[in-house]
Amino acid sequence: MPSIAKPIATHPSLQRNELGMTIRDYEGAMSTLCAGCGHDSITAALVRVFWELATPPHMIAKLSGIGCSSKTPTYFVSGAHGFNSAHGRMPPIATGANAANRELIYIGISGDGDSLSIGLGHMCHAIRRNVRMVYVIENNGVYGLTKGQFSASADVGTKSKKGERNRMSPIDPVMLGLSIGATFIARSFSGDKEQLVPILKAAVAHRGFALIDVISPCVTFNDHEGSTKSYLYTRQHEFKALEADFVPPAGEVLANIGQNGAVNVTMHDGSVIRFKGVPPNYDPTDRVKVTAYLEEHQGKGEVVTGLLYVDENVPDLHEMNKSADVPLTRLPYEKLCPGSAALDKLQEDFR
Amino acid sequence: MRDGVNDFAIKLANVNGTGSASANGLLMQAIFRMGIPVSGKNLFPSNIQGLPTWYEIRVNKDGYTARSLDYDLMVAMNSQTYARDIGEVRKGGYLLYDSTWPLDAALVRDDVNFLGVPLAHLCNENFRDPRERILMKNIAYAGSLCAVLNVDMNIVGELLEQKYSSKKALRESNDRSLRLGYDYARDHFACPLPFHLETMNANSDKILIDGNTAIALGCVYAGATVAAWYPITPSTSAMDAFKMFCEKYRKDPETGKNNYIILQAEDELAAIGMVIGAGWNGARAFTSTAGPGISLMNELLGLAYYAEIPAVIIDVQRVGPSTGMPTRTQQGDVLECAYASHGDTKHILLFPCSPAECFEFAPKAFDLAERFQTPVFILTDLDIGMNDWVVPRLKWDDGYQPDRGRVLSAEEIEKITKFQRYTNEDENQVTPRTLPGVNSKGAFFTRGSGHNKYGGYTEMPDEYREVMDRLGRKFKASAKFVPAPVIQRRGGASFGVITLGGCDLAVREALDRLAEQGVLADFMRVRGFPFGESVQFFLDTHNFCFVVEQNRDAQLRSLLTLETSVPKEKLRSILVYGGFPLSAKHVTDGILKALGDAAKPLVTVPVPELQIEE
């Protein structure tokens, strides 16, 4: 992915986080995506999230597959290692990375081609393993780099730039995630940073696989009339299910808990997701109710957004495997090698 | 005909899923404990129950234990294959069969001695449970074999005691059926037969182990912490063994937590992806697979090669192409692994010849992978991986320290003005890498897309080539670090014989046989790729060489032709690729046939007319 270094000119009055870093310190290279691309808004949200959380950049690992979406890790947190891997293969690479070092914050950026076609199986299995990572699908319904083919998330009847209509039913990552046991599911819109930032923060705090489907219009190939993933269509059909606030562990939990339809979900690290204005019969921790609610609204042609489902009680990859609390990469060799005496003893069984 | 004491081969024809494997294994292990050189080859079908399966045991006091094609005794327990099985017994040999029912007269041979034991009858009289009657028939024929072959019954008793120490009833049934078969044979036949066993002391410093177990143990000793795999014959037992050893040695005594993680992936694409992710993060990670898995891994192997990420891939080769014959052995993945992935890629390969080398090469593979920041393949095969071999006791040097290669510490990174991933190469063309989570000054973007030496994206010809050329030089530099070939020269040899991996024993036996006939050849077993100077020297110092390998397309020969300066016409192939392990006979026959008239002046002993067969 081509990238252009950004000039570093920081205004002295810029606010600093608790690490003494400004928001500019969490930026990456200049984006080479098309002007107005939804992905750049997601990048901006990520920059804000990590700055506000004051995450040390070297503790972040950014991974992606191939495609427009997968270019974006270059554009945020240049102080973090990045891995632009192969088309659809980011989930297993992230899984292996996480297995080796459980201490890093893994952020995977993928697209609808990457996650819902070539890498669909990999994403599903990373969900099943509950690999602790933030997994963002920058979903625009179209293949951009190869110039406008439908992706697997294209809705039935949506029209391509060339005028062709899609006849095949879409794969909805949210419904898919619900059906295979995803432990954190959100949908958002790249044009809505106010909604996206708290969702991303909650995803970072989540102990497990956090699936975030972000409708991210492609201004070049999928923003025309007749498209169901355009800015206009998404704004007209977005239905904000519930607003979520993220309260970090040290933060003050709001006083009116349990009132006015609010629901609080305490995360593993002690932080709290505070859902506001939760509609009756909606419980973000109840898979059956969430599924019914989404089906009802999607049946009406509404794009339901918000943090839709959370389950903090499922063990993650390491808990399931009872692996060491410290990163495996940090175990000294002496702890790993049984030594010659053990080998001699063992070989008595091979007689 | 051989004189017989501690020098014979037997073949047991069974139906799979009937419990014959444990009886056959018991016999082989008993012979091992009698201190006699022995091998056991399980020729089994890709099936759970009901298809033909064979087990071959070769005993040889001089240590020639490659597969024999010359069977002194056949144990014919499978009516489906009876006609074929009886045809394989040598003239004057023996056939042991279940005489509960009469033999079909059409299948009787005049030149073979028939030993009828009413196995079904004996078991039906002595056991009530139908399943037990079937299982115990196997132990009963093992008992008969103990009598006719002079197997030490005390040793068999010890083995049963160890095996069934916690299952008294089973122990009793086994003892009883063993005794039934033994007593019947002793009472009805002249025991022992002319060929039989006598206790030796050749195995006091040996163990009995299969290659998959040994390689898994090697991975534990190498310090591997992340393993990812997808189940596939014949490599599955390698990961099973890794799990077993990790449960034994890697449970932290203080925390009770596992100092390892094993990921059963959704497919081999994911398995290698996980290994690469873990290697990128600094763990020693590996996968075990077979040819079909390598085919799927091709894409990401190119990524690891180009982005320079360590990975260890164990390929327990089986018969291809496609699904092929999953339970048969072959060396058909040599070229696939050497050049795996699209574009210009070349990989380091190691070719162990036995379970002992599987153990030895595992840590070597991790050292090479980290030293050269690249995927390293260990190519074993089904014969090495799944059969029990008698090998010298494994040794471990407690002074071993893993070679982690050039990885910068937080302090080293701090001193650098700006980290540039693919610059500052050492004499082996390796550039230092940084790991995530260490120091943000070391952060860079790992990518499979075109990159320049700074690690940045590029589409510029010069920048692209600069990196690719260094990768080419790096690969060449690794030749000095892969295991050197094993070379055995004979004075007066007029040609060379080159082989690899599990062909070792059969080829060395063949060269001894040929030498007895006055046909002298030098021997070279390559153990690693890229080929080093000693391989080139061997090729240069022979007028011509035979290349013995187990695939149709002469893959090692092709690789030698491509990667050394040897003229193609100097290399002649001997190819045995039907799926059963190599025998010395394949090699002697192949060489003599190819030498034709040229060999005759050298031959001082008449050579029998033989066909290459399997």
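**Exercise 1. Determine in which sense strand 2 of chain A and strand 15 of chain B pair, and over how many bridges.**

Solution. Helices (H or I, at least four residues) and strands (E, at least two) are DSSP runs, numbered from the N terminus, and two strands pair if DSSP finds at least two bridges between them. Strand 2 of chain A and strand 15 (residues 445-447) of chain B pair in the parallel sense, over 3 bridges. Next, take Phe83(A): its bridge partner in strand 15 of chain B is Thr446(B).

The model is predicted: local features need pLDDT of at least 70, side-chain atom pairs count only at pLDDT 80 or more, and totals for chains, interfaces and linings use all residues. Residues are numbered from 1 along each chain as its sequence is written, while chains are lettered from A and ligands numbered from 1 in the order in which they are written.

**Exercise 2. Describe the side of chain A that touches chain B.**

Solution. Begin with the contacts (C-beta atoms, placed from the backbone, within 7 Å): 52 residues of chain A are in contact with 55 residues of chain B. Then list the elements of chain A that each supply at least two residues of this side: strand 2 (81-84), helix 3 (90-100), helix 5 (120-129), helix 11 (333-336) and helix 12 (339-346). Helix 3 of chain A has the largest share, 8 residues.

**Exercise 3. Find the residues with the most contacts inside the largest nonpolar core.**

Solution. A nonpolar core is a set of buried Ala, Val, Leu, Ile, Met, Phe, Trp, Tyr and Cys residues joined through C-beta atoms within 7 Å; buried means that 20 or more other C-beta atoms lie within 10 Å of the residue's own. The largest core has 272 residues, and those with the most contacts inside it are Val134(A), Ile31(B), Val75(B) and Val226(B). Helix 4 (residues 130-149) of chain B gives the most to this core, 11 residues. Now follow Val226(B): among the residues it touches are Gly96(A), Leu328(A), Ile261(B) and Ala285(B).

**Exercise 4. Explain why strand 16 and strand 21 of chain B each have one side without a neighbour in the sheet.**

Solution. First write the order of the open sheet in chain B, 16-18-17-20-21, with mixed pairing. Strand 16 (486-488) and strand 21 (571-575) of chain B stand at the edges with a single partner strand each, so one side of each has no neighbour in the sheet. Strand 20 (residues 545-549) of chain B pairs with strand 21 of chain B in the parallel sense over 5 bridges. In strand 21 of chain B, Leu575(B) is the bridge partner of Glu549(B).

Note on methods:
Contact = placed C-beta atoms within 7 Å. Nonpolar A, V, L, I, M, F, W, Y, C, P; charged D, E, K, R; others polar. Buried ≥ 20, exposed ≤ 12 C-beta atoms within 10 Å, placed from the backbone. Lists of a residue's contacts leave out its neighbours within four places in sequence.
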